[in-house]
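Here are my comments on the model you sent.

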Amino acid sequence: MKPSNFPTIISITEDEIDLNALVEKITLTSTGAAAIFTGMVRGKTKRTGHAQGIAYAPHETTYLEYEAYIPMAEKKMRQVADEIREKWDVVEGIAIVQRIGKLYPRTPTVLIACTASHRDTGVFEAARYGIDRLKEIVPIWKKEFMPDGEEWVEGEYIPKREE
Amino acid sequence: MNKVKVLFFATMRTRAKRSSIDLELAENTTIAELKKTLIAKIPALEASLPSTLVSVNREFAFDEEMIPTNAEIALFPPVSGG
């Protein structure tokens, strides 16, 4: 199979993310490894951190509400997949899925999966790169609802020209 | 005149109290000039503009760039998906 025929699945959905079905779709007869990253809504944040230079303390999250600029987000998710293929030509299938809407703790919100022939091909790094880039350039936002209020979560990354 | 649509997302939508606005711009208007026009129409946007990202026809755009005709423009904060 030529690289250009390798499956790339890009999706923004309000439906549950079906991990098994997605991995099945990017598994070829030549595939021997899949690196799957999925992020979920964290109900209890224990560590301190910062976003936009503003510190946040340990806190509880009731739910998150996700919003996307869907046509641009799909375009940028496709760009992330293209960048993965440029950096790791061993990657066979790629699935990038973002769930949007109102999502409660323990619910998977995002999936990045990459497949390759073997595990030592860079496939772990490819999936890691995918989620890091999604959080930089794909126009999706979340609003956090806590027991004592609500707040838009803003990222920090400012895209450069030609990004 | 150049008719464009400006979409607002996340905090910008909250600040603007609307999800979009239709504008008629002069030919060769830049992103920086568009920002000034928007502040004049919706003063609540001003405080957020320094950290706001802009896209034109679904690609990131920058202050000195000229806006093409019938563009789909969007204003939004740095992304926080995942």
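1. Burial is judged from C-beta atoms placed from the backbone: a residue is buried if 20 or more other C-beta atoms lie within 10 Å of its own, exposed if 12 or fewer, and partly exposed in between. The model is predicted, so local features need pLDDT of at least 70 and side-chain atom pairs count only at pLDDT 80 or more, while totals for chains, interfaces and linings use all residues. Residues are numbered from 1 along each chain as its sequence is written, and chains are lettered from A and ligands numbered from 1 in the order in which they are written.

2. Arg106(A) is not a glycine, yet has a positive phi of about 80°. Arg106(A) lies in the loop that joins β9 (101–103) to β10 (108–116) of chain A; helices (H or I, at least four residues) and strands (E, at least two) are DSSP runs, numbered from the N terminus. Arg106(A) counts as exposed because it has 9 C-beta neighbours inside 10 Å.

3. With 9 other C-beta atoms within 10 Å, Lys17(B) is exposed.

4. Chain A contains 3 helices and 12 strands. Its C-alpha trace spans about 55 × 35 × 30 Å along the principal axes. Of the 163 residues in chain A, 32% are buried.

5. Which residues touch the most other members of the largest nonpolar core? In this core of 57 residues they are Ile96(A), Ala113(A) and Cys114(A). A nonpolar core is a set of buried Ala, Val, Leu, Ile, Met, Phe, Trp, Tyr and Cys residues joined through C-beta atoms within 7 Å. Beyond its neighbours within four places in sequence, Cys114(A) has contacts that include Ala35(A), Ile84(A), Val91(A) and Gly130(A); two residues are in contact if their C-beta atoms, placed from the backbone, lie within 7 Å.

6. The contact between the chains takes 28 residues from chain A and 17 residues from chain B. On the chain B side, β3 (53–56) and β5 (72–76) each supply at least two residues.
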